[in-house]
Structure formats: C-alpha cells, structure tokens
Amino acid sequence: MLAIDMVWDPSKGLDLGFFTLHYYSVMWIVAFLLGLQIMKRIYKHEGQSNESLDSLFIYAVLGIMLGARLGHVIFYQPELISEDFFSIFLPFKFKGGFEFTGFQGLASHGAAIAMIISMYLYNKKVLHKTVLWILDRVVIPVASGAVFVRLGNFINSEIIGKPTGSDFGVTFKQLPIVEQVPRHPAQLYEAGSYIFVFLILWYFYWKTKKSEQQGFLFGLFLVLLWSVRFFVEFVKEPQGDEYFILFGLNTGQLLSVPFVLIGLYFMFVYKARTKLS
C-alpha cells in the first residue's frame, strides 16, 4: 500500500504591506466569480436579463456570507456575541487588540439557510417566478463554489481531520506541536466530493429534463452535498465546542440530516403534486 505523509506549512497569504491578502479570501472571491459565470450561461439559456443576474449576484454574496458567519457563531462559537460582538460582522478582531483577520469562521449550514432566504427575497423583488425555479439553478454554482471554500480551509489548516494513526495523511505544521501528526485531509475529501456534486447537477440540468421538474435539482443538491458532509464528519476534528451530540453524531452531522430529508422530499414527493410547465 502506498503511504503518503505530506507536511503542509503554507503562508496565510500575500503580504501587500498595509494588509495581508489571505488565500482563504481569494478562494471565496474565485468561488463567487466562477459562480457568476456559470449563472450567466444558465440565465442566457433561460432568456433572463443581465440586470436580473447582477441583482442575483448581490443577493447571493450578501446572503451567503452573512448566513455563513451567523451560522458559525450560533452553532459553534456563541461566546463571540458577548466577548467580541463586532467581530461577528466585521473582518477584524477587537478582543485582545485590534487585528485584521478577514472573515474567519464560516458555517456551511448557516450559508445554506441564508441562501434559501436570500433567493426567496430575490425572487419576490426581482425575478417574479418561483423560489424553486431559482433554487434549482443557483445550486449548480453553489456546488462549484463549495470546492474552493474547502480548498481555502485546507490552505488555512482549518477544519482539520482526525489523526490517521498511520503514515498516511497530512501533517499541518501550523497547529500546536502536540497535534503535528498525520491527519485525514478532510477538507480535500470534501472538495473532491463537491466536484462530483457539481458535475452531477450540471449533467442533470443540461442533459435531462429534470430542470423542468420544480424542486428536483434543489433536492438533489441537498441530498448529495449534505450526505458528503455527514460522512466526512466522521474523520473531522470538532469545530469548537460541540453543543449538539446525539447517538454519537456531532453537531455538523445532526444539522445535515434535516437537509438530506428535505432534499428527498423535493426529489420524490413534491414532484408528484406539482404541475410541470
């Protein structure tokens, strides 16, 4: 068997003098810009205007970033509310001295909930179709964006995996010395899996008629993405304090289960009572 022990010790970003451009932030920028190009192609195919696409980009960026940040604070770091409140919404740390940190601590569960809410508002104010119509399409670039977000986590040596107990794994040199052992590259497991989630959604949208079945692609996205998250959690270290543990499942897994069930509903139940156009 081939054993791989990779030592990972990158810089946090590019030092521009007055501030450091974090690679993690760059990955988020790439995710949004790539997502914009994917939606541009989809909107052209659907006959939608560039003006509605511009509005979609604004709603998506604000909704996902705000939701991801609030989700992390609520589910994993609620002490920030009382200890360093303004750091929740600003890319700075105030406790223990002022420091530019970028937006650190972003939870995908919060981002998913915020995406649904922001798309509801976008549809109501701009698109005037159905919220499922836009959700069926926006999940395609969201899946591609998830790949880059997890790559950013890997670069940052965060959301690390558990020790493998063997020579296989990645040794994150930026962790405390007692934790510098080969670990599962959980971030890369997720990133690789999300590539397949994106490709599957892309295939169903362009090569089948499933985009005409309202809710199917949205449901498929929920099932695939949160199933990946559920299983990868088995090899992840806890993210902060685990406030929810049940039947041996951690917070991330318990929060993933409802998304999978909702996805199955939209794939196999909702379509039976929805008149297709």
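A pocket, as the word is used here, is an open set of grid points with protein on both sides within 12 Å along at least five of seven lines. The structure is a predicted model, and the second largest pocket in it has a volume of about 270 Å³.

This pocket is lined by 16 residues. Those nearest its centre are Gly63, Leu66, Gly67, Leu70 and Ala114. Two helices, H2 (50–75) and H4 (108–127), each supply at least two residues of the lining. Helix H2 gives the largest share, ten residues. By class, the lining of the second largest pocket has eleven nonpolar residues, five polar ones and no charged ones.

Rolling a probe the size of a water molecule over the atoms shows where empty space is left. A search of the whole structure finds two cavities of 30 Å³ or more. The largest cavity holds about 570 Å³ of space. Its lining is made up of 33 residues, and Trp28, Ile64, Val142, Gly145 and Ala146 are the closest to its centre. Helices H1 (23–46), H2, H4, H5 (131–155), H6 (186–207) and H7 (216–232) are the elements that give two or more residues to this lining. Of the lining residues of the largest cavity, 27 are nonpolar, three polar and three charged.

The second largest cavity has a volume of about 40 Å³. Around it stand Tyr76, Leu106, Ala107, Ser108, Arg150, Ile159, Arg229 and Gln239. Four residues of this lining are nonpolar, two are polar and two are charged.

Trp28, named above for the largest cavity, also belongs to an aromatic cluster with Tyr24, Phe32 and Phe57. A pair of aromatic rings is described by the distance of the centres and the angle of the planes. With ring centres within 6.5 Å counted as a pair, the structure has 20 aromatic pairs. Tyr265 is partly exposed, with a relative accessible area of 30%. Phe266 has 15% relative accessibility, and because buried means under 20%, Phe266 counts as buried.

The charged end of Arg41 sits over the ring of Trp206, 4.9 Å from the ring centre. Lys210 lies over the face of Phe216, at 4.5 Å from the centre of that ring.

Note on methods
Residues are numbered from 1 along each chain as its sequence is written. This is a predicted model: local features need pLDDT of at least 70, side-chain atom pairs count only at pLDDT 80 or more; totals for chains, interfaces and linings use all residues. Side-chain values use heavy atoms; hydrogens and water are left out. Rings of Phe, Tyr and Trp (its six-membered ring) pair if their centres lie within 6.5 Å; planes under 30 degrees apart count as stacked, over 60 as edge-to-face and the rest as tilted. Buried means under 20% relative accessible area, exposed over 50%, partly exposed in between (1.4 Å probe, protein chains only). A charge sits over a ring if NZ of Lys or CZ of Arg is within 6 Å of the ring centre and within 35 degrees of the ring normal. On a 1 Å grid over the protein atoms alone, a cavity is a set of points where a 1.4 Å probe fits but cannot get out, and a pocket is an open set with protein on both sides within 12 Å along at least five of seven lines; lining residues have an atom within 4 Å of a point. Grid points are joined across faces, edges and corners, and a volume is the space filled by probe spheres set on the points. Helices (H or I, at least four residues) and strands (E, at least two) are DSSP runs, numbered from the N terminus. Ala, Val, Leu, Ile, Met, Phe, Trp, Tyr, Cys and Pro count as nonpolar, Asp, Glu, Lys and Arg as charged, and the others, Gly among them, as polar.
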